[in-house]
Amino acid sequence: MELLLLSFIFFTACLITFKPEKEKLANRCLGICIAASIAIWLLATWEMLVPAGNI
């Protein structure tokens, strides 16, 4: 999953470098990358953040 995020960020950087007129698309891609990174972090650390109770 992290490889997918890194390649998406690389795509965004290439988009800004070679086609500056597509800035809105690059901003959306970067926003999606940030949201996906936060979601992955939450999934990976959920047990540490919300410990299991005595159910």
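This is a predicted model: local features need pLDDT of at least 70, side-chain atom pairs count only at pLDDT 80 or more; totals for chains, interfaces and linings use all residues.

Reader: How many disulfides does the structure hold?

Author: A disulfide is a covalent bond between the sulfur atoms of two cysteines. To be counted here, two cysteine sulfur atoms must lie within 2.5 Å. Seen from C29, the closest cysteine sulfur is that of C33, and the 6.8 Å that separates them is too far for a bond. The number of disulfides that the structure holds is therefore zero.

Reader: Is C33 buried or exposed?

Author: A residue is called buried when its relative accessible area is under 20%. C29 falls under that cut-off with 6%, and for C33 the relative accessibility is 2%. C33 is therefore counted as buried.

Reader: What is the relative accessibility of F11?

Author: Partly exposed residues are those between the limits of 20% for buried and 50% for exposed. F8 belongs there with a relative accessibility of 28%. F11 also counts as partly exposed, and its relative accessibility is 39%.

Reader: Is F10 buried or exposed?

Author: F10 has its place in helix α1, which covers residues 2–18. Its relative accessibility is 57%, and a residue must be over 50% to be called exposed. F10 therefore counts as exposed.

Reader: How far apart in space are F10 and P20?

Author: In sequence, F10 and P20 are ten residues apart. Taken from C-alpha to C-alpha, the distance in space between F10 and P20 is 15 Å.

Reader: Where is N27 found, and how far is N27 from L49 in space?

Author: N27 is found in helix α2, made up of residues 23–49, and counts as partly exposed because its relative accessibility is 46%. N27 and L49 are 22 residues apart in sequence. From C-alpha to C-alpha, N27 in helix α2 and L49 are separated in space by 30 Å.

Terms used: Residues are numbered from 1 along each chain as its sequence is written. Side-chain values use heavy atoms; hydrogens and water are left out. Helices (H or I, at least four residues) and strands (E, at least two) are DSSP runs, numbered from the N terminus. Buried means under 20% relative accessible area, exposed over 50%, partly exposed in between (1.4 Å probe, protein chains only).
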